[in-house]
Amino acid sequence: MTTAPSLAQAPLGSRPTALILSGGASLGAWQGGVVWELERRGLRFSQVLGTSAGSINGAAYFQGDVALLKDLWRDVPREAFLDWKPRLVPPSLLCLESVGRYLRTVLSEEKARAAKRCWFYAVAVDLNGAGTVQAQYSPEPGGPWDGPLVDHILGSVAVPFVFPPWRVAARNGTPERLFVDGHTSSYIDLAPLLDRGALDLLFVNIVVPGAGPRLRPRAFISTLVNALMQAQITNGLAAVKGRLAPEGIRVFEFTPSKPLDISIFLFKKHECRRIFDQGVEDTALLLADPARFRLL
């Protein structure tokens, strides 16, 4: 059995590290601040996996444009994310096409291919029967590139009842997909990350541990979101439990230092700016004492 080295023997960032980014709509501003600051502090990641808002933050890292996160979250394009278009079939409140138009102005497959920076995975759930779909994008020539990048990100952020499902046409032998937010399955497949050499897993998880249900609508919604995101980590780790100790895998979960008391689906600029800055500040806690956030 391989023993995972201590942080004194191998500091965080010194081994092949996978960055795993949960979602949370406008809560993604905090995570964006974390990713921006980790980049500024010199940490590099060989693989990045993102779900929902985490897929947007992860794609910015993937294409080598972390500066985009500061522009995005400190001056959030509210008109793109909060484009009201209520409908009954499917039941939803907001327009996802406007999100797509914005993302296509800031995310570039050509730029991501040229960067050759890391492996990237975008997690969504296919309502057409495939279940969790973890699209893979390779930094290697000839490696897998599972369809249009922005389409998979839009599928990953399609929160049921908030946005309609996102349809991706059949192509190259892949059937038509009807995607919703990746957190709806509360599962991610960590095996490909381990197979490709990740020795440290760093979850940047937008939850506040210990926060219990309260009666205010915002607090109740936050509790539900927290439960979905925490279950994704729990279930993902459970599926590879037998590999972690024998392969010397270390696992870290980094969460906000205090509650992110914002309107999750309203994308208010002053709120997103505040928690982006909190994410930048919180990152100092992780880098000063990674052991505090180590799960395994």
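## Charge and surface

In this predicted model, the mean positions of the 32 positive and 27 negative charges of the protein are 3 Å apart. Lys and Arg count as positive and Asp and Glu as negative, with His and the chain ends not counted; each charge is placed at NZ of Lys, CZ of Arg, CG of Asp or CD of Glu.

The protein exposes about 12400 Å², of which carbon and sulfur atoms supply 57% (Shrake-Rupley method, 1.4 Å probe).

## Basis of the model

The model is predicted: local features need pLDDT of at least 70 and side-chain atom pairs pLDDT 80 or more, while totals for chains, interfaces and linings use all residues. Residues are numbered from 1 along each chain as its sequence is written, and side-chain values use heavy atoms, without hydrogens and water.

## Overall fold

The protein contains 11 helices and 10 strands, taken as DSSP runs (H or I, at least four residues; E, at least two) numbered from the N terminus. Its radius of gyration over C-alpha atoms is 18 Å, close to the 19 Å from the globule rule (2.2 Å times the number of residues to the power 0.38) for 296 residues, so the protein is as compact as a globular protein of that length.

## Nonpolar cores

A nonpolar core joins buried Ala, Val, Leu, Ile, Met, Phe, Trp, Tyr and Cys residues through side-chain atoms within 4.5 Å; buried means under 20% relative accessible area (1.4 Å probe, protein chains only). In the largest core, of 74 residues, Trp-73, Leu-103 and Leu-202 touch the most other members. Helix 1 (residues 28–40) gives this core its largest share, 6 residues. A second, separate core of 20 residues includes Leu-49, Leu-193, Phe-203 and Val-240.

Notes. Buried means under 20% relative accessible area, exposed over 50%, partly exposed in between (1.4 Å probe, protein chains only).
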